[in-house]
Amino acid sequence: MPPEPGGSSDLELDVNYGYLARGVRAPRKAHPQVIFNSDGASMLRALREELKRSSSFTFSVAFVSARAIALLKQELAEFEGKGRIITSDYLGFNSPAAFGELLNLAHRGFDIRLHDQSAFHPKGYVFEHADHMTAIVGSSNLTAGALVSNLEWNLRVSSTHESDLTDQFGALIARQLEDSVPLTREWVDRYAEQYMAPPSRPSSPVERQLRRRFDAGIAPSIGESLVLHQSGGATPEVERIVPNAMQQEALLAIESMRRDGKQRAVVISATGTGKTILSALDVRSVAPKRMLFVVHREQILDRAIQEFQRVLGAPSEDFGKLSGGSKESDRRYVFATIQTLSRPDTLAGIAPDAFDYILVDEVHRAGASSYAKVLEHFKPAFLLGMTATPERSDGFNVFELFDFNVPYEIRLNKALESNMLAPFHYYGVTDVEFDDGTTIDELSSVSRLASTLRVDHIVDAITTYGHAGVPVRGLMFCSRKEEAHALSAALNEQVIYGHRLRTVALTGDDSIERREHVVQQLEAGLLDYILTVDIFNEGVDIPSVNQVVMLRQTQSAIVFVQQLGRGLRKAPGKDYLVVIDFIGNYSNNFLIPVALFGDDSLNRESVRQHLISAEEVGVIAGLSSVRFDRIAQERVLRSLAMTQLDSMQRLKQAVETLQNRLGRLPSLHDFLRFESADPVVLATHSGNYPALLERLTKTHTGLRPSELRALTFLSIEALAAKRVDELLILRTLLNEGEVPKERLAEALAPDSYTSPGSHVESALRVLSLEFATEMEQKKYLAGVVERGGEDKVRLASSFADSYRDSPAFRRAVDDLILTGIELVQAHYQRGAPFTPGRQYSRKDAVRLLHWPKNSSSTVYGQRIDATTRTCLIFVTLQKSSEVEASTAYEDKLLDTLTMRWYTQSRKTLASRDVAQIVGNELDLHVFVKKSDVDGAQHYYLGSPRVDKTEQSTMVGKSGAQLPVVRTRLRFEKPIDAGLFDYFEPTLSE
């Protein structure tokens, strides 16, 4: 490797690395980079990084979309320097909504300008830093697709303020400023009046294929959502609705169940994914003599009838209503409310076999007595239920009602990925802070909830994060009725974007008629917001809602998703949903990421990982985004750290939920299969999974104490080992009996990152208890394998006997092995001991590096194993105030490739272990956690080299100066940017 030039600055090193010699050790903060959208990297990520570090910026872009601005709103809201965006009306691409968002940025202090060039087509982003300039130039406009998903090429380059390149960009920007004028409200209004959207793109190949198949009379088998229009001669144009990909898959699954003789089934489909159209398509396929559609609210009936008429193409006289004053129960297709249908006189007038196909909408409500009467009365050939939320807290089992037949399931994230819902942009915003330093919490009074200070705070957040370019159709969810009324009155005195807010409070005290009237006002644009308390959680269809404001703590992940779902339905003129969540000092804040990411794992690492990944990639499913301001994020993480996710109550709920789904007690593998609770959490909470089930369900395990001990041993030492070695050895021995070690090496070879023999030896030491500490040996009493003669290995006789003679033990062992192997394969990379970004304990690290004994209790700071020539480094970045001065090291991540690390105190460059480390004679492995709140687990960052060393001192407990060695570690691969942001929210220059 070429030596570093003496005295070179970081920028010089980066330029040297990028243009002259890639072997130069450079910080790689300002080196030239090609930026394209791929897993873990995107133009969006690059812009966010630069906005966090720069003092000013200029964007010169032909095309701008409102969604792209939404993706950058958090950074723009926090930006403290000068910002400028230059664009134009070239080709009429930029919509009035985009210019409205730009104008809102102008009102917040940014310089937004219109260029007068008739063919304005640049795509450049320039950022000023303290000692250099960075420019990103290429193919990406300021649109959501260009920033995240499109195939784009962009080049990021940096130069000093004294360079010619900086002068060139400065001159270019100055020229564009001369040829541009500030964006004004008058210009935007004129543009909106004259605006005509560019012609839509030609139909996709899939659409063209579907149209050809349809014209040829062939039933569609694939496709996107599509309504084909058929006409010919004097025949009026009619619609023919073709199933989209999700609907086609669901229809085939439902039909498969009918062919298998199933008479009832339930479809789980997220709100807004077209459950009504799906059911109508199935009815069209079956062509029943008569059909009954059951709903719980009358206002849903008319819309359902319209959808069925579109799909079935039947005459209007075939459709009838059974609700209130309508008694049209003799029609072919009857749509009834449960309230009317369940009346004794109504049921008495309809024969049990009157309908051969019955549909029940929102079937999670079927636990009510009214539904029981109806379902006991009728005897259809087929009963189909539909719901978005089958999990219930009232004890009713939706799945049992439908004989546990679930032909199709599409939850929120999958629906977003499939472009079936409007994408959302979620902003977690810190709730107001009062003069006494307190904020909103569960006990806040109405006077505080509706105080002038909070109202001003709400208005400022809505102005910052809300829709500025399109009319708002908003729902605000409040914590109590009094708050809704008081806030509505106060908000109606506020002005946003030049007009006075129009809001109405609706609660459970209001009549159905008043609720319907107010909803109509919102949809007609006569209201901006409806303030409510839970009455719109479900069963209300307001497709035009484009903003959801949460002014209450999250009490339930299910309710959170229901309220979010109010705005996810697609509608004309609606590009995306804005969600503004005001996060106070609530103990339940941890439920926010659980709900947003659909994470039911009960595992803190998993929830944190979702948050970090959202930061890393910039978007989640379907180009939606999740952003928190720093204080709000800290509150969520603090709540997550302080909450016992794996409490017995939550574990019991997880088991019961899956038991309801399956109709039996779930196995560990069931939890993995249904992406529910983390099997490792379940298997290790009470020693082993059968023991946990015994505690939760009072069902006796049927296992002897020795068998329970063996399962505890396997759960903790094999299932949770974060490698497959022990599990593969067990599976081989169970299938083949006693085998030579060479056979085990053969089984482990595909997953080995060093010699297979080393893997075998390490795993055998674990399975035989040779690796265990004295305390662990006393706990487990015996291992599960034995070494035989001639270098052979066999199962311990007691373990083998139990596996042969006890069906319950055999099922538990097989379940554990299958689950563990699939877990490791899904979450950990092959060919390396550690996966960057995953969390490990000291014991995990010692085992995965094949250290001969569990010496994890001695791994603090740094620890070397002479046999494997490896060194473990464990770091806590934010030291507790209780940490002694002699161990309060100033370790820090300097950038995504560099870390400042201090050796243990009382060490010098002459210390033998330090000399080995700084001489790069060992394989170093660095594990970091933010603070002790993260628990015992540390994130793996990688295997660095020591790049720079310096003898230094630190203050000891008595104030004496202690020797310590300060080093700079360089990682070969950058630390994930989202993880870096988690550790170091403010980027170092």
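Colleague: Helices (H or I, at least four residues) and strands (E, at least two) are DSSP runs, numbered from the N terminus. With that settled, which residue just after H9 takes a positive phi?

Modeller: Gly261 does, with a phi of about 90°. A caution first: this is a predicted model, where local features need pLDDT of at least 70 and side-chain atom pairs count only at pLDDT 80 or more, while totals for chains, interfaces and linings use all residues. Residues are numbered from 1 along each chain as its sequence is written, and side-chain values use heavy atoms, leaving out hydrogens and water.

Colleague: Thanks! How far apart are the end C-alpha atoms of H9?

Modeller: They are 21 Å apart, which agrees with the 21 Å that the 15 residues of H9 (245-259) should span at 1.5 Å a residue. The expected span is 1.5 Å times one less than the number of residues.

Colleague: And which residues of H6 are buried?

Modeller: Thr166, Phe169, Ile173 and Gln176. They cover an arc of only 90° around the axis, so they sit on the same side of H6; the arc is taken from the directions from the helix axis to the C-beta atoms. Asp164 and Glu178 are exposed, on the face turned away from that buried side. Buried means under 20% relative accessible area, exposed over 50%, and partly exposed in between (1.4 Å probe, protein chains only).

Colleague: Switching topic: is His467 buried or exposed?

Modeller: His467 counts as buried because its relative accessibility is 4%. His467 lies in the loop between helix H18 (452-465) and strand E20 (474-477).

Colleague: What does the side chain of His467 reach?

Modeller: The backbone oxygen of Asn546, at 2.6 Å. That is a polar contact: a pair of N or O atoms within 3.5 Å, where within protein one must be able to donate a hydrogen and the other to accept it, and residues adjacent in sequence count only if both atoms are side-chain atoms.

Colleague: Now strands. How many residues of E15 are buried?

Modeller: Five of its five residues. Tyr333, Phe335 and Thr337 point one way, Val334 and Ala336 the other. In a regular strand the side chains alternate between the two faces of the sheet.

Colleague: Which strand is joined to E15 by four bridges?

Modeller: E13 (residues 319-323), running parallel to E15, with Leu322 opposite Ala336. E12 (residues 291-295) also pairs with E15 in the parallel sense, over five bridges, and there Met291 stands opposite Tyr333. Two strands pair if DSSP finds at least two bridges between them.
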